[in-house]
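Here is a short report on one helix and its surroundings. Please keep the sequence and model in view while reading.

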Amino acid sequence: MNTQLTKALFHSNGGFAALVLRVPVGLVLAAHGAQKLFGWFGGYGLEGTGQWLASIGLEPGYLMALLAGGAEFFGGLALVLGLLTRPAALVAAFTMLVAIFSVHIGNGLFMSNNGYEYALTLFVVTVALAIQGAGRFAVDNLFHKEG
């Protein structure tokens, strides 16, 4: 693999702070994705989530549920492991932007009104991870060694 590309994907000076962000946010994202994909944790699965997404204008609903659930579930697991952290974080950030502007923005900031504060928090954390990389104790570190 090209050395510049390898460095851009895997190098990080994030230290322990990235680990502290990656693991809980990755678990939260994976759990939300599992709700959408598998109906776990009280979720509606692909059918139910797809129907709901279609009802708010995100068509085709099933495909949108698959994309959102996949981004959250697999992206979240990747963040927990620190595997392809930057791409996983970017996909998760984009998914949170879609959630903010398609579902939550009209309800104001606060989560108590189904607002966007939580999705915004996840967006900010995933953008930070996309910028700084995986940090310590990450699979990404196996792919990039300082020369």
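## Helix α4

In this predicted model, the buried residues of α4 are Gly61, Ala65, Ala68, Gly69, Gly70, Ala71, Glu72, Phe73, Gly75, Gly76, Ala78 and Leu79. Their packing partners are α2, α3 (45-55), α5 (85-104) and α6 (117-132).

Helix α4 covers residues 61-81, 21 residues in total. From first C-alpha to last it reaches 30 Å, close to the 30 Å expected at 1.5 Å a residue. Just after α4 comes Gly82, with a positive phi of about 70°.

Lys36 sits in helix α2, which spans residues 15-38. Lys36 counts as buried because its relative accessibility is 19%, and the cut-off for buried is under 20%.

The side chain of Lys36 makes a polar contact of 2.9 Å with the side chain of Glu72. Glu72 is itself one of the buried residues of α4. Beyond its neighbours within four places in sequence, Lys36 also touches other residues, including Ala65, Ala68 and Gly69.

## Ala92 in helix α5

Ala92 belongs to helix α5. Its relative accessible area is 2%, so Ala92 is buried.

Which residues does Ala92 contact, leaving aside its neighbours within four places in sequence? They are Leu29 and Thr126. Thr126 is 34 residues from Ala92 along the chain, yet their C-alpha atoms are separated by 6.6 Å.

Terms used. Residues numbered from 1 in each chain as written. Predicted model: local features only at pLDDT ≥ 70, side-chain atom pairs only at ≥ 80, totals over all residues. Heavy atoms only, no water. Helix = DSSP H or I, 4+ residues; strand = E, 2+ residues; numbered from the N terminus. Buried < 20%, exposed > 50% of the residue type's maximum accessible area, 1.4 Å probe, protein only. Polar contact = N/O pair within 3.5 Å; in protein donor to acceptor, adjacent residues only side chain to side chain. Contact = heavy atoms within 4.5 Å. Expected span 1.5 Å × (residues − 1).
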